[in-house]
Amino acid sequence: MNKQTIASLIDHTMLLPTAGIKDIVRLCAEASRYHFASVCVNPLYVPIAKLELDGKDVKVCTVVGFPLGAMTSQAKAFEAEHAILDGADEIDMVMDIAAAIDSRFNNVETDILDVVQACRMAGDKIGKKILVKVILETCFLDDAAVITASQCALKAGADFVKTSTGFASPKGVDGNLLPNGASVHHVYLMRQAVGDKCGVKASGGIRSARTALSLIQAGANRIGTSSGVQIVENWDESIKIKGWD
């Protein structure tokens, strides 16, 4: 797998609340230079990213229901439609995390379906296929919930399942913070749950080529990270991954 291939799997991400216009412009310039899959920005900056990437081979991705997923499905659907009309090509929605924890998977599926349908309708209005990714926030879920939530996303018509927002703060019984990002274990579970019918995006805490490699080998075919440049620059072009080379 060469640098061009790994770059094409990366969603170059800037979702910090402190990010300003200059940061988004720089993000887009880097994405264009390295030919990343997309830039992932907060909805406010979709129009700016769209303008900066006009005529480029980089998509504009944004987040919906971010980072908690704890708003109504109708609010998420409205946010997604608005972002698409502003120029978004891809929507990363946070599912109803609490519903998954409670094993209310009918609610999980309905929540996702409402957003998927809104994205399809908005895309049809402008003649564009919108990619929908569903953030599970795996750090809060047991293995069974990760598998079932992934299957809910698949049944609802989503294009990808995604591990994390990177903003969660799970704690152990001792009160200490637990890992909150992508893990090889969760990516593997998600890939087994959806097979080849859906993509798997790993995100959260991916800062090195070694970490990205382990997640791709586990089944990820998209990487969300703010360290895309570092990953590509440090990628070993001799790496061979089954199914890619």
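Which residues does Trp235 touch, not counting residues up to four places away in sequence? In this predicted model, Trp235 touches Met1, Asn2, Lys3, Ile6, Ala209, Ala212, Leu213 and Ile216. Both Trp235 and Ile6 belong to the largest nonpolar core, a set of 73 residues, and they are among the members that touch the most others, together with Val39, Ile91, Met95 and Ile112. Helix α6 (residues 105-126) gives this core its largest share, 7 residues. A second, separate core has 8 residues, including Val63, Phe66, Ile97 and Ile135. As a general background, nonpolar side chains tend to be buried together in soluble globular proteins.

Charged residues come next. The whole structure contains 18 salt bridges. In one of them, Asp11 pairs with Lys133, with the closest N and O atoms 3.4 Å apart. This pair links strand β1 (residues 10-14) to strand β5 (residues 131-135), across 122 residues. Asp11 is buried, with a relative accessible area of 0%, and Lys133 is buried with a value of 0%.

Another salt bridge joins Asp89 and Lys128, whose closest N and O atoms are 3.0 Å apart. Asp89 lies in the loop between α4 and β4 and Lys128 in the loop between α6 and β5, so the pair ties together parts that are 39 residues apart in sequence. Here Asp89 counts as buried at 8% relative accessibility, while Lys128 counts as partly exposed at 23%.

Finally, His186 sits in helix α8 (residues 184-194) and is buried, with a relative accessible area of 12%. A polar contact of 3.3 Å joins its side chain to that of Thr138.

Terms used: Residues numbered from 1 in each chain as written. Predicted model: local features only at pLDDT ≥ 70, side-chain atom pairs only at ≥ 80, totals over all residues. Heavy atoms only, no water. Helix = DSSP H or I, 4+ residues; strand = E, 2+ residues; numbered from the N terminus. Buried < 20%, exposed > 50% of the residue type's maximum accessible area, 1.4 Å probe, protein only. Polar contact = N/O pair within 3.5 Å; in protein donor to acceptor, adjacent residues only side chain to side chain. Core = buried A, V, L, I, M, F, W, Y, C linked by side-chain atoms within 4.5 Å. Contact = heavy atoms within 4.5 Å. Salt bridge = Lys/Arg side-chain N within 4 Å of Asp/Glu carboxyl O.
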